[in-house]
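Subject: Structure handover

Hello,

Here is the structure I said I would pass on. My notes on its nonpolar cores and on one helix pair follow below it.

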Amino acid sequence: MSPTTAEQALRRLELTVTRRLDGLLHGAHQGLLPGTGSEAGDSRVYVPGEDDVRRMDWNVTARTTVPHVRDLIADRELETWALADLSPSMDFGTADTDKRDLAVAAVGAIGFLSSRMGDRFGALVIHDEFVHRMPARTGRPALYGLLHSLMDAPRGSVVPDPPDLAEGIEILSATRRRRGMRLIVSDFLDAHPDLDPDAERPWERPIRRLAARHQVLAVEVIDPRELELPDVGRVAFADPETGNVREVHLSPKIRRAYAEAAALQREGTRLALRRAGIAHLVLRTDRDWVFDVAQFVLRQRRTSHLAHRRPTA
């Protein structure tokens with residue numbers, strides 16, 4: 001992609017995020033550690049000589065007859081890191097776009113919204129035989145540079161022993177310890193898929209450990225041809241990860257078995273993310289991804305609101 005075309009694509013992406021998602025996804029956030037700040041935290045028993053009497057919580061003190069002070073929540077910037085899967089399987093697309101472009105759009109959407117709040121944004125990229133690191137920085141120019149690097153990355157090639165998604169999550173969890181938001185964008189396709197929906201996925205334990213410390217959002221990118229095959233007779237299939245080519249006659253029996261296997265694989269991904277307690281967003285190359293993101297956020301907010309409602313008689 002030429003520099004002019006890439007710049008135009010990024011400007012359209014930023015304009016789309018600003019017009020259709022800004023004000024819907026982000027909001028004020030609190031720091032994770034107590035300290036000097038303006039947001040009220042929890043009350044605790046007053047410790048003479050250690051606590052400031054100016055932070056005395058008189059309401060709780062009056063109710064309990066024991067002196068209490070109110071802790072404050074420090075206002076700290078968050079650090080958002082994205083793990084972008086640019087393996088060869090992401091270079092596939094049969095609809096309006098391919099999976100790689102949709103993954104870049106998802107990273108860009110979260111990045112633009114994070115940069116508007118002043119948060120630092122960085123990325124790890126699974127590409128060829130390495131997991132590349134792009135340091136976290138603030139500001140729009142830094143984000144533009146990160147997205148340019150993702151868009152200009154060459155198509156994935158067949159390499160021996162490439163890093164998988166589990167390895168990328170392990171590196172993300174081990175190297176970026178500061179609490180914040182973590183975004184994982186992938187098709188979650190394994191080299192040796194297990195069609196048992198209840199079986200543990202290779203990346204399930206690493207992503208569970210990551211979610212224990214950070215807020216994690218998993219974005220699953222899907223193309224419709226990965227769910228069902230058309231009735232077109234004999235077709236040559238090429239595995240982008242290994243380069244193997246095989247001709248298959250797409251009979252009704254083969255197409256039905258393929259659709260069932262694809263449904264089981266996707267259901268296994270959904271259950272694994274649910275077991276890990278991670279928010280799961282599905283984006284398809286044949287749908288309006290901005291609409292899907294907006295619907296996902298509204299659904300998450302509605303669920304969170306209902307979970308925090310007080311029980312009624």
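A nonpolar core here is a set of buried Ala, Val, Leu, Ile, Met, Phe, Trp, Tyr and Cys residues joined through side-chain atoms within 4.5 Å. Please note that the model is predicted.

The largest nonpolar core has 38 residues, and the members that touch the most others are Val107, Leu147, Leu150, Val219 and Trp289. Two or more residues each come from helices H3 (99-116), H4 (140-152) and H8 (289-307), and from strands E3 (79-85), E4 (120-127), E6 (180-186), E7 (215-222) and E10 (279-284). H3 supplies the largest share of this core, at nine residues. Leaving aside residues up to four places away in sequence, Leu150 touches Leu86, Arg100, Val104, Val107, Val125 and Met134.

On to the helix pair. The axes of H5 (residues 165-175) and H6 (residues 204-211) come within 8 Å of each other and cross at roughly 25°. Angles under 35 degrees count as roughly parallel, so H5 is roughly parallel to H6. Their crossing is left-handed.

Which residues of H5 and H6 meet? On the H5 side they are Ala166, Ile169, Glu170, Leu172 and Ser173, and on the H6 side Pro206, Ile207, Arg209 and Leu210. By class, this contact has six nonpolar, one polar and two charged residues.

Regards

Terms used: Residues numbered from 1 in each chain as written. Predicted model: local features only at pLDDT ≥ 70, side-chain atom pairs only at ≥ 80, totals over all residues. Heavy atoms only, no water. Axes fitted to C-alpha atoms, helices over the stretch in contact; angles between N-to-C directions. Helix = DSSP H or I, 4+ residues; strand = E, 2+ residues; numbered from the N terminus. Parallel < 35°, antiparallel > 145°, perpendicular 65-115°, else oblique. Left-handed = near helix turned anticlockwise from the far one by under 90°. Contact = heavy atoms within 4.5 Å. Nonpolar A, V, L, I, M, F, W, Y, C, P; charged D, E, K, R; others polar. Buried < 20%, exposed > 50% of the residue type's maximum accessible area, 1.4 Å probe, protein only.
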